[in-house]
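Me: I have a model to go through with you. Can we take it piece by piece?
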Amino acid sequence: MTTITAIEGDIVNAPADTLIVNLFAGVAEPTGATAAIDRALGGVIGRAIASGDVKGKPNEVTVLYPAPGTVAATRVLVVGLGPADAFTGERARQAAGAAIRKARDLGATRVATVLHGTGAGGFDVALGAQAVAEGTILALYRFTELRKPAPDRHEVEDVVVVEHDGARLPAIETGLARGRAVADSVTLARTLVNRPGNVLTPRALAEAARQAAAETGLRCEVLGRDEIAALGMGALGAVAQGSYESPAFIILEHLPDGVADDAPPLVLCGKGVTFDSGGISIKPSQGMGDMKGDMGGGAAVLGAMRAIRLLGTPVRTIGLIPATENLPDGRAFRPGDVIRAMDGQTIEIISTDAEGRLILADALVYAKRFTPRAMVDIATLTGACMVALGAKVAGVMGHADIVARLRAAGDATNERVWELPLWNDEYGKLIDSDVADMKNSGGRNGGAIAAGKFLEKFVGDVPWAHIDMAGLEIPDGDGGPYRPKGASGYGVRLLVAFVEGYATEA
Ligand code: BES
Ligand code: MN
Ligand code: ZN
């Protein structure tokens, strides 16, 4: 694990093999720490800017090699921040990620960095430190646990934030600790999504939840197949019945100090399908392996609960993760079956591949026993949502206030959401059944909305929103400087910001 600490000092003399400074676009004369390095190196950064080669474009990384007797470090990296007037926390996270990745590629072991964009009149210092910690940890992530150790693999051992103004150190340390808590929780979510279905079974997911709870002081309870049946969770039970692996219903609670244990909580529900074959309505084999990530919503909830606990967010929060496989078998549920959810409503199964909404229905019914202040569910729910939005942004639908809070949280974290309608006149009939209270699929058109209309039947009058993150759990292509190949950990930072949005309210 890469350690990240802060010291007071001058980056020019930092005890490190690699120094990271930054540059805004359009700056002719560097200022602050960049200027100090530039002076120490005899003006090489100024000349690089004057040549037009170095522009300060977002995430541009320039590598400089100091002459002996100038600075002790082997190399200096100058990372671009883009225009000063367009600077954001996301720019800082990306800059930190781009620079540290370059540093690791070059064999850096000990890195010293400045904060990005926190100079006079700039970005909040604690938020800036949090962004650097998040960008650094997330960019260095690799999923290596299932292969033999590569002898030439190299890790950055420590990163030290160098700050010349000692009065800012406490805020920096607070920000670094927050960034560590959040980024390690995203890392947990990523690792769970990256683990294949044979490794991450529902019980293994429950074990990961227990472990995170034991480490952080979350309350954790796990219900198995018999308890799920005894509660009447017939929808979760139906999805799980074709699988040898027992389902697990995972309950996590963060009860902050001084908050009554019956205070109306926020409830976060995450879909935990550890492998989705489609069941009897089996999926095409092409790309089916990615359905190991069908617990991405559950991983986001677990990661967010862990982070919220570590941050000590003063809001009672409950996380629910219905976990199961979806496999075909002689005991599997079938198209045409009519099943009964925990609240007694009946569901005609059109497709056993529309399983996520089934397990979430029972979770939402269960959630209502806590008289929630609000509920949010998050799920890799429909291919239709990917078709609509292109797997760059998640779909969100539901109660206007919750949707607005999620949009704000998404903009702040760059884990964005975009609203789809749940208009009843237009979409309510999509899931009408001739034989049951509803059916579980409304066909191809409006598929993401039909899933939302289905879930809405189980929320009653609790303010609620549904996030469809299908495709975001394992994005294809370049995910940006702090998002390496494989699982993204999408949703953790979004949900943390959403819950923290309530922290300032009574
Ligand atoms: N887990 C899938 C949705 C999905 C698709 C997630 C692609 C990630 C990437 C979900 O359980 C599913 O199979 N949905 C069906 C619903 C349909 C049968 C109504 C779908 O989208 O095809
Ligand atoms: Mn499915
Ligand atoms: Zn699924």
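Me: What is the relative accessible area of Asp353?
Reply: It is 22%, which makes Asp353 partly exposed. Buried means under 20% relative accessible area, exposed means over 50%, and partly exposed is in between, with a 1.4 Å probe and protein chains only. This is a predicted model, where local features need pLDDT of at least 70 and side-chain atom pairs count only at pLDDT 80 or more, while totals for chains, interfaces and linings use all residues. Residues are numbered from 1 along each chain as its sequence is written, chains are lettered from A and ligands numbered from 1 in the order in which they are written, and side-chain values use heavy atoms, with hydrogens and water left out.

Me: And Asp276, buried or exposed?
Reply: Asp276 has 2% relative accessibility, so it counts as buried.

Me: Where do Asp276 and Asp353 lie?
Reply: Asp276 is in strand β10, and Asp353 is in the loop between β13 (346-348) and α10 (356-367), so the pair ties together parts that are 77 residues apart in sequence. Helices (H or I, at least four residues) and strands (E, at least two) are DSSP runs, numbered from the N terminus.

Me: OK, the zinc ion (ligand 3). Which protein donors there?
Reply: Lys271 (NZ), Asp276 (OD), Asp294 (OD) and Glu355 (OE), lying 2.0 to 2.4 Å from the zinc ion. Their spacing in sequence is K-x4-D-x17-D-x60-E.

Me: What arrangement do the six donor atoms of the zinc ion (ligand 3) make?
Reply: Octahedral, since they subtend angles of 79 to 174°. Asp276 lies in strand β10 (residues 272-276) and Asp294 in the loop between β10 and α9 (296-311), so this pair ties together parts that are 18 residues apart in sequence. Asp294 is buried, as is Asp276.

Me: How far apart are the zinc ion (ligand 3) and the manganese ion (ligand 2)?
Reply: They lie 3.2 Å apart, and Asp276 bridges them.

Me: Switching to packing. Which residues touch the most other members of the largest nonpolar core?
Reply: Ile467 and Phe498, in a core of 90 residues. Helix α5 (residues 169-194) gives the most to this core, with 10 residues. A nonpolar core is a set of buried Ala, Val, Leu, Ile, Met, Phe, Trp, Tyr and Cys residues joined through side-chain atoms within 4.5 Å.

Me: Which domains does this core draw on?
Reply: At least three residues come from each of domain 1 (3-164) and domain 2 (182-500). Those bounds come from an automatic or database domain assignment. The domain centres, taken over C-alpha atoms, are separated by 37 Å.

Me: How many residues of each domain are in contact?
Reply: 17 residues of domain 1 and 17 residues of domain 2. Contact means heavy atoms within 4.5 Å.

Me: Now the sheet. In what order do its three strands run?
Reply: The order is β12-β13-β17, in an open sheet with mixed pairing. β12 (338-340) and β17 (438-439) are at the edges with a single partner strand each, so one side of each has no neighbour in the sheet. β13 and β17 are parallel, over two bridges, and Ile347 has Met438 in β17 as its bridge partner. Two strands pair if DSSP finds at least two bridges between them.

Me: Last one, Ser488. Where does it lie?
Reply: Ser488 is in the loop between β18 (464-468) and α15 (492-500). At 1% relative accessibility, Ser488 counts as buried. Leaving out residues up to four places away in sequence, Ser488 touches Val186, Arg190, Leu472, Glu473, Pro475 and Arg483. The C-alpha atoms of Ser488 and Val193 are separated by 8.5 Å, with the two residues 295 apart along the chain.

Definitions and conventions. Donors are N, O and S atoms within 2.8 Å of the metal (3.2 Å for Na, K and Ca); water is not among the atoms, so sites may look incomplete. Four donors count as tetrahedral if all angles lie between 85 and 135 degrees; four count as square planar and six as octahedral if opposite donors are over 155 degrees apart and all others between 65 and 115; anything else is irregular.
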